[in-house]
Amino acid sequence: MLITGIKSRPVYDELTPMTSGLGHVTAAQGSGGKPLVRLLGEMNPDQLAATTVLYSTESFTGQNYLADIQKFKVCGLIVFPANADAVRGLDAFLATAKMGTRLYISGSEGFIGTSMQVATSYGMNRDEVLREHAGSFSRRVWCAHCSHYSENVTRRVFACPGCELNLIVRDHYSGRLAAFQGVKADSEVPGELPENEELDT
Amino acid sequence: MTEAQHGALQLRVKRIEPVTPEINRYTFCAADGSWLPPFSGGSHITVLIPSDGDTKRNAYSLMSSPYDTSEYQIAVRRVNNGKRGSLAMHDNVREGDVLLAGIPANLFPVSKHARHHLFLAGGVGVTPVYAQLDELSLKGSPFELHLAVRGPGHAALGRELKERYGDRVTLYGHDGRSRLNASDILTGRPLGTHAYVCGPRRMVDDIIGAAHDLGWSDSNIHFERFDDLGSTGDPFSVTLARSGAVIEVSPEQSLLEAVEEAGHKLPYLCRGGACGDCETEVLELEGTIDHRDDWLSESDRCTNKLIMPCVSRATCTKLVINA
């Protein structure tokens, strides 16, 4: 019904050690622990010793890779109970980080998007950051009417918790807002909603 | 190619002032008294310089304020063993003369996203920085300039900027002792710092190397090399496929200059191998291309299918280009 595969959709990378960097920081969440463990496994001892790991155990699907991550001898491991805390932790880390730092982000699309907003605010360039998507393709949705952000949206039509309007999730992704756009689903004929399909992303 | 790039501006030389033993500053206004086209910090113009019945085309950075287009200023360093354009500027051009120039183009703009701007310049490489700092100081963006000069007699431009911007400007070499150390300047900088490097080729290469060693990525390093060496080397001949013209490139001129001298036109912007505007397809080659540009990638070079006529040459028995 809506257009899929449009250009605004982010294209993700594969986490692999960026050898040109002098210091490394990772921000991962839930299922994002899997690519993170693979990345740490590919790093040599010197790189590991220069790596700070930020990991949030909050996960839509309940995946937790903390035990595997703890096996690596990294410079620092900071564990957060919630994704928002991990994003704030990344903000605090980057505030004092120096040029030569490389950032690796993995997890849900919403987590990658919000972490990327933080990285961008510190002027980090795309050649200093790698992003790998992991786990469910649930969407982070921004309501065009009340600006509320909803995490982990999986259905095409849902009620916005902010303004209680029925929203339809558009396929347009905004890198700036780190979210898909949700607009009122029954604006033409009140009460007439489109088919509420599973998002096929 | 538009006429603009072959000399749309008629610039009257309003003032010539020597600022170092080797550098003259030229102030131009429009010959008809009108406003000149606006430009952004880091822009250059190509000046057509009459020289012994010939025309040299040299690119010079605009060092006047981007917010005042009643005049343009450039600084020209006299290069004795170069392609003689700067000599003609110094020896033949007088106040009141009218010169042709192209409209400004910018291959060295300041980054809009930088959190801190770090300028490292050597000698006459300070000229684009003049306009860049003007732009940044108006916007209130944080910056520093580190400028190396060859001795006390060469520091006039640096002192001028120091008067204007105070502690944000550090001079090296003006006292005959201090030296600019790129690693010291680049170490421990916060994320989002952008470096702008302008000066002689070796200095630029050394600073880029130091930045890479400190883990800087290329998108945060901006540079412009100041060479007035032109493209000299062994003579060779080139065939222009569209007209069939066979053109001899002498040891003293570039492929682009030879083509222009024969009355043909090729696109160009920087005439220094940086902008990519003159990229030309190689249709036939028997021999090797001597790539001297900063534009083509290693894999582009290996294919022998592209050449940058403004700086690159060839050692060949046959070269046919799509022009």
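**A buried methionine, salt bridges and the chain interface**

Met89(B) sits in helix H1 of chain B, which spans residues 85-92. The model described here is predicted. Met89(B) is buried, and its relative accessible area is 0%. Its contacts beyond four places in sequence are with Tyr26(B), Phe28(B), Ile49(B), Tyr60(B), Ile74(B), Val76(B) and Leu99(B). Met89(B) and Ser51(B) are separated by 38 residues in sequence, yet their C-alpha atoms are 8.6 Å apart in space.

Salt bridges were counted next. Over all chains the count is 28 salt bridges. In one of them, the side chains of Glu160(B) and Arg25(B) meet at 2.9 Å, N to O. Glu160(B) belongs to helix H3 (residues 156-165) of chain B and Arg25(B) to strand E2 (residues 23-30) of chain B, so this pair ties together parts 135 residues apart in sequence. Glu160(B) is partly exposed, at 25% relative accessibility. Arg25(B), in contrast, is buried, with a relative accessible area of 6%.

A salt bridge also links Glu260(B) and Arg271(B), whose closest N and O atoms are 2.8 Å apart. Here Glu260(B) lies in helix H6 (residues 255-261) of chain B, while Arg271(B) lies in the loop between H6 and strand E15 (280-290) of chain B; the pair therefore ties together parts that are 11 residues apart in sequence. Glu260(B) counts as buried at 14% relative accessibility. Arg271(B) is buried too, with a relative accessible area of 9%.

Glu284(B) and Lys318(B) form a further salt bridge through their side chains, at 2.9 Å from N to O. This one runs from strand E15 of chain B, which holds Glu284(B), to strand E17 (residues 313-321) of chain B, which holds Lys318(B), so it ties together parts 34 residues apart in sequence. Glu284(B) is partly exposed, at 38% relative accessibility. Lys318(B) is partly exposed as well, at 33%. In chain A, salt bridges with shared partners join Arg139(A), Arg156(A), Asp171(A) and Glu197(A) into one network.

Chain A contains five helices and 10 strands. Its radius of gyration is 18 Å, close to the 17 Å that the globule rule gives for 201 residues, so chain A is as compact as a globular protein of that length. Its C-alpha atoms fill a box of roughly 60 × 30 × 25 Å along the principal axes. Of its 201 residues, 50% count as buried. Among contacts in chain A with a separation of 6 or more, 68% come from residues 24 or more positions apart.

Most residues other than glycine have a negative phi. Asn152(A) has a positive phi, near 55 degrees. Asn152(A) lies in strand E7 (residues 149-153) of chain A and is partly exposed, with a relative accessible area of 27%. Ala178(A) also has a positive phi, near 55 degrees. Ala178(A) is in the loop between strand E9 (166-174) and strand E10 (179-184) of chain A. Ala178(A) is buried, with a relative accessible area of 1%.

Finally, the two chains meet. In the interface, 17 residues of chain B contact 16 residues of chain A. The area buried between them is about 1,300 Å², and carbon and sulfur atoms give 53% of this. Arg115(B), Leu191(B) and Gly215(B) supply 43% of the area that chain B buries against chain A, more than any other three residues. On the chain B side, four residues are nonpolar, nine polar and four charged. Between the chains there are zero salt bridges. Eight residue pairs are in polar contact.

Definitions and conventions: Residues are numbered from 1 along each chain as its sequence is written. Chains are lettered from A and ligands numbered from 1 in the order in which they are written. This is a predicted model: local features need pLDDT of at least 70, side-chain atom pairs count only at pLDDT 80 or more; totals for chains, interfaces and linings use all residues. Side-chain values use heavy atoms; hydrogens and water are left out. Helices (H or I, at least four residues) and strands (E, at least two) are DSSP runs, numbered from the N terminus. Buried means under 20% relative accessible area, exposed over 50%, partly exposed in between (1.4 Å probe, protein chains only). Contact means heavy atoms within 4.5 Å. Buried area is the accessible area (1.4 Å probe) that two parts lose on being put together, summed over both. A salt bridge is a side-chain nitrogen of Lys or Arg within 4 Å of a carboxyl oxygen of Asp or Glu. A polar contact is a pair of N or O atoms within 3.5 Å; within protein, one must be able to donate a hydrogen and the other to accept it, and residues adjacent in sequence count only if both atoms are side-chain atoms. Ala, Val, Leu, Ile, Met, Phe, Trp, Tyr, Cys and Pro count as nonpolar, Asp, Glu, Lys and Arg as charged, and the others, Gly among them, as polar. The radius of gyration is taken over C-alpha atoms; the globule rule is 2.2 Å times the number of residues to the power 0.38.
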